[in-house]
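Please walk me through this structure.

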Amino acid sequence: MAYDKKKIYEQAKEAITKNNLFFVNDIVAFVPCEKTWWYANFPPDSEEMNTLREILEDNKSKTKSAIRAKLFKGEKAAELLALYRLICTPEERQNLNQSYIDHTSKGEKIENKDPLELLKEYVAINKQTNSGS
């Protein structure tokens, strides 16, 4: 079936804005064309697709901002905690989590030592240990 690419493109932009869409797959459900035709005519790296992605990202940003505003106005502890977790620092998040587990190095910085230097240290320690007995 023959579709008018310009018309479909304009319908896609309108559908994104009017229906507050977030994903490319959502667009395909709102425009009158087949999925295969859509992806063949609007490849991922095309200028049209980049423009559509920008509109989708704008919708995501506006929606996230609106959700944060609603959370901010909320009075329920769960809502306030959800907002706080979104905006807090990693240290504050660690303090909030009652079952926080440090899976790294008990808060200490991990150094990447040269394997040759580690071997030299090991040999030196063994020499000291063996010479003392």
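What follows is a short tour of a predicted model, from its nonpolar core to its aromatic rings and then to one helix.

Start with the core. The largest nonpolar core has 17 residues. Within this core, the residues with the most contacts are I8, I27, V31, W38, F42 and L52. Helix 1 supplies the largest share, five residues.

V31 is then in contact with I8, Q11, A12 and W38. Two of these partners, I8 and W38, are themselves among the core residues with the most contacts.

Now turn to the rings. A pair of aromatic rings is described by the distance of the centres and the angle of the planes. Rings pair if their centres lie within 6.5 Å. By this rule there are five aromatic pairs. One of them joins W37 and F42: the ring centres are 6.1 Å apart and the planes stand at 80 degrees. Planes over 60 degrees apart count as edge-to-face, so the W37 and F42 pair is edge-to-face.

Are these two residues buried or exposed? Residues under 20% relative accessible area count as buried. W37 has 15%, so W37 is buried. F42 has 0%, so F42 is buried too.

The ring pairs reach beyond W37 and F42. They link Y3, Y9, W37, W38 and F42 into a cluster. The charged end of K5 sits over the ring of F42, 5.3 Å from its centre.

Move on to helix 4. This helix has 27 residues. From its first C-alpha to its last, helix 4 reaches 39 Å, close to the 39 Å expected at 1.5 Å a residue. Its buried residues are M49, L52, L56, N59 and L71. What covers them includes helix 1, helix 2, helix 3 and helix 5 (77–87).

N59 is found in helix 4. Its relative accessible area is 6%, so N59 is buried. What does N59 contact, leaving aside its neighbours within four places in sequence? The partners of N59 are I16, T17, N20, L21 and F22.

Notes: Residues numbered from 1 in each chain as written. Predicted model: local features only at pLDDT ≥ 70, side-chain atom pairs only at ≥ 80, totals over all residues. Heavy atoms only, no water. Phe/Tyr/Trp six-rings, centres within 6.5 Å; stacked < 30°, edge-to-face > 60°. Buried < 20%, exposed > 50% of the residue type's maximum accessible area, 1.4 Å probe, protein only. Lys NZ or Arg CZ within 6 Å of the ring centre and 35° of its normal. Core = buried A, V, L, I, M, F, W, Y, C linked by side-chain atoms within 4.5 Å. Helix = DSSP H or I, 4+ residues; strand = E, 2+ residues; numbered from the N terminus. Contact = heavy atoms within 4.5 Å. Expected span 1.5 Å × (residues − 1).
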